[in-house]
Amino acid sequence: MLPNVLPPSAADHVPVLANEVRESLAVRPGDTVVDATFGAGGHSELLAADLQGGGKLIAVDRDPTVRAYFDRLARRSSVQMRLLRGDFGVVLPQLAENGVRADAILLDLGVSSMQLDRPERGFSYATDAPLDMRMDTSQSLSAREIVNEWPERELVTIFRRFGEERYARQIARAIVRERTDIPFERTGELVETIKGAIPAPARFGDGHPAKRVFQALRIAVNDELGSLEAALPAALEMLRPGGRLAVISFHSLEDRIVKQFLRERERGCTCPPDFPVCVCGHEPELRAVQRRPVRAGEAEIAANPRSSSARLRAAVKAGSDA
Ligand SMILES: C[S@@+](CC[C@H](N)C(=O)[O-])C[C@H]1O[C@@H](n2cnc3c(N)ncnc32)[C@H](O)[C@@H]1O
């Protein structure tokens, strides 16, 4: 089995939509940049280069293993850099509350290739590993606990809500039946149970049969949607007027939260449409950088298939520089 901390390698994470992120954030020398999902530092490296030696980069990640990547980048970069380990849904509100202000904030959501590719983290249905899926390895809740201890109806809810799994009920029932004899310990055991619970034709359509349940468990273990909902208003508060926020999401549940948040804050007046004149006086807080979400092009998808589901949305904070 691989150790939990491996020496960083250049192939660990290819930053998704890298040029589009750079253009959207338009980082200038002297800026303060917050990379709230540092990962292997691919985006941070590019944004630090845009600071051209002057400015600050604050990196955030809840996964302790990113430290090696951060140290490597900090050694090579002339930019002032700090790593804050923690959930961006907690760290960004704390930074905002402490008066930290930023010119550019990036959230590149979800798991990194290095998390997916390290079997011992238990994120992948493709390799047999302990049932884990914690991004923060010091957290107590893991996929093992959810699969073995959560009531059947809660399993159905998360498989439906976070995985959009058609056979949520059948899969949850099969899990509960099997765990009464022997608890689930490994991803491979769960994959076999999922395969056995769904009708044979469904095993061959629409990707790996365990894909949606694994996504659902990962979102639940890491409270991914709750963290995003807490982070977005804090990111807006941290931005200076004219500052920019860019968010890359990889599935519709995240993208919906981002889209709704940006829409609400881009809208000025909140008066009912039949009011002849505005009485609320609300001004837009954000302006969209692009009219539609940015998707990866064919060349990027061919080189990095993970980018095919990526959607980038970016906005500028209203104010003097906007
Ligand atoms: C898609 S990767 C980011 C890759 C990075 N942009 C790069 O170029 O290397 C997502 C990273 O965000 C981290 N992450 C996800 N959700 C988080 C959260 N709520 N708080 C802090 N970090 C989070 C994960 O641990 C992972 O390292």
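1. The largest pocket comes out at about 720 Å³, the volume being the space filled by probe spheres set on grid points joined across faces, edges and corners. Here a pocket is an open set of points on a 1 Å grid over the protein atoms alone, with protein on both sides within 12 Å along at least five of seven lines, while a cavity is a set where a 1.4 Å probe fits but cannot get out; lining residues have an atom within 4 Å of a point.

2. Of the 22 lining residues of that pocket, Leu116, Tyr125, Lys211, Gln215 and Arg218 sit closest to its centre. H10 gives the largest share of the lining, 5 residues.

3. A caution: this is a predicted model, with local features needing pLDDT of at least 70 and side-chain atom pairs pLDDT 80 or more, whereas totals for chains, interfaces and linings use all residues. Numbering runs from 1 along each chain as its sequence is written, and side-chain values use heavy atoms, without hydrogens and water.

4. Now the ligand: the space it takes is the largest cavity. There are 25 residues around the ligand, and His43, Asp61, Phe88, Asp108 and Gln115 come nearest (near means a heavy atom within 4 Å).

5. Which side chain has an N or O atom 2.8 Å from a ligand oxygen? That is Gln115. The protein buries 99% of the 610 Å² that the ligand exposes when taken alone (Shrake-Rupley, 1.4 Å probe).

Conventions. Polar contact = N/O pair within 3.5 Å; in protein donor to acceptor, adjacent residues only side chain to side chain. Sits in = over half its atoms within 2 Å of the grid points. Helix = DSSP H or I, 4+ residues; strand = E, 2+ residues; numbered from the N terminus.
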